[in-house]
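Please consult the sequence and the structure alongside the text.

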Amino acid sequence: MSNKLVVSVIGAGGKMGVRTTNNLAKHPDSIELNFCENAEAGIKNIKERGFAVTAAEVAVPRSDIVVLAVPDKIMKDVSVGIVKLMTPDSTCIILDPAAAVAKELALRDDCTFVVTHPCHPSFFLDQDTYEARHDYFGGVAAKQDIVVAKIQGNDDNFAKARTVCEIMFSPVENSYVMSVRDIAFLEPTLVELLGATTLYAMAETVKEAERRGIPRAAAESFLAGHVYNLTANFLGKLGNTKVSDACLVAIELGNKLVLREDWKKIWDDEVLDKVIATMLHPEKPQI
């Protein structure tokens with residue numbers, strides 16, 4: 001009897017499917033990997049990488065672990081069919097918490113369900129090679145952390161799934177276990193609602209600097225250097241070093257001119273639920 005874990009990736013030819021299967025395929029001694037894909041472009045991608053496509057109807061019933069590497073907006077429809085095909089005591093991994101929080105992920109009492117997400121390479125992590133230092137997304141050469149949560153199910157199966165998650169996003173330094181809702185507060189609240197919004201504004205401001213005649217390279221360098229330095233400062237990585245009084249005044253002004261003064265309400269549970277509902281169904285905004 002084989003000791004290999006049978007892992008099937010649904011959406012194996014898509015953006016996240018490619019990233020995760022590339023890493024899973026590096027472990028043929030411990031993982032028997034199935035590539036499941038319906039889209040023509042995805043099927044072509046899988047075949048160009050030298051792998052075969054297996055129908056989900058064939059792969060899922062014989063799988064120990066099924067990875068749903070599909071967009072959140074179709075998770076509800078896709079998960080219903082896939083979960084029905086799963087064998088009792090098998091495990092399903094999703095790559096984003098939104099569908100689980102919104103209760104749009106199909107579940108079964110006799111199976112384990114897990115959510116994971118990469119933290120992406122931090123600029124505080126020392127990377128060992130040029131390739132790693134330029135792997136901004138992670139999962140290729142750069143070390144990164146991941147977060148993992150058990151939605152429901154068996155602890156032993158969760159442990160196996162956690163190992164698979166670490167392989168999917170390898171090289172992984174730490175895998176942090178928390179609740180599904182905790183992951184949702186990390187994304188979208190922390191890194192999209194606030195982080196991506198402010199970083200996008202920063203990038204737009206670089207364009208404005210360039211329009212005003214400031215060399216783009218100088219503006220990019222000034223922004224990136226200050227983001228690195230200020231992040232280290234505000235997270236307490238510089239000891240007792242404080243930013244200048246003028247910077248503190250500018251932050252207060254920024255709360256009035258750039259952010260809303262009540263911006264911390266994004267950490268309210270009610271706001272999180274409405275944000276996720278709107279992200280999954282933008283045609284029916286809740287906020």
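## Overall build

Of the protein's 287 residues, 38% count as buried, that is, under 20% relative accessible area, with exposed meaning over 50% and partly exposed in between (1.4 Å probe, protein chains only). This is a predicted model, in which local features need pLDDT of at least 70 and side-chain atom pairs count only at pLDDT 80 or more, while totals for chains, interfaces and linings use all residues. Residues are numbered from 1 along each chain as its sequence is written, and side-chain values use heavy atoms, without hydrogens and water.

The protein contains 11 helices and seven strands; these are DSSP runs (helices H or I, at least four residues; strands E, at least two), numbered from the N terminus. Along the principal axes, the C-alpha atoms fill a box of roughly 65 × 45 × 40 Å. Among contacts (heavy atoms within 4.5 Å) between residues at least 6 apart in sequence, 67% join residues at least 24 apart.

## Nonpolar cores

In soluble globular proteins, nonpolar side chains tend to be buried together. A nonpolar core is here a set of buried Ala, Val, Leu, Ile, Met, Phe, Trp, Tyr and Cys residues joined through side-chain atoms within 4.5 Å. The largest such core has 32 residues, of which Ile-10, Leu-68 and Ile-94 touch the most other members. Not counting residues up to four places away in sequence, the residues that Ile-10 touches include Cys-36, Ala-56, Leu-68 and Ile-82. Another core lies apart from it and has 25 residues, among them Ile-93, Val-114, Val-164 and Phe-169.

## Annotated domains

UniProt, in an unreviewed entry, places the feature "domain: KARI N-terminal Rossmann" at residues 6–80; such annotations may be inferred rather than shown by experiment, feature names are shortened, and positions follow the numbering used here. This span is 39% helix and 20% strand, and its end C-alpha atoms lie 21 Å apart.

For residues 127–279, UniProt lists "domain: Phosphogluconate dehydrogenase (decarboxylating) C-terminal", also from an unreviewed entry. Residues 127–279 are 61% helix and 10% strand, with end C-alpha atoms 34 Å apart.

## A loop residue: Ile-214

Where does Ile-214 lie? Ile-214 is found in the loop between helix 8 (180–211) and helix 9 (216–234). Ile-214 is partly exposed, at a relative accessible area of 43%. Neighbours within four places in sequence aside, Ile-214 is in contact with Ala-209 and Ala-219. From Val-114, Ile-214 is 100 residues away in sequence and 48 Å away in space, C-alpha to C-alpha.
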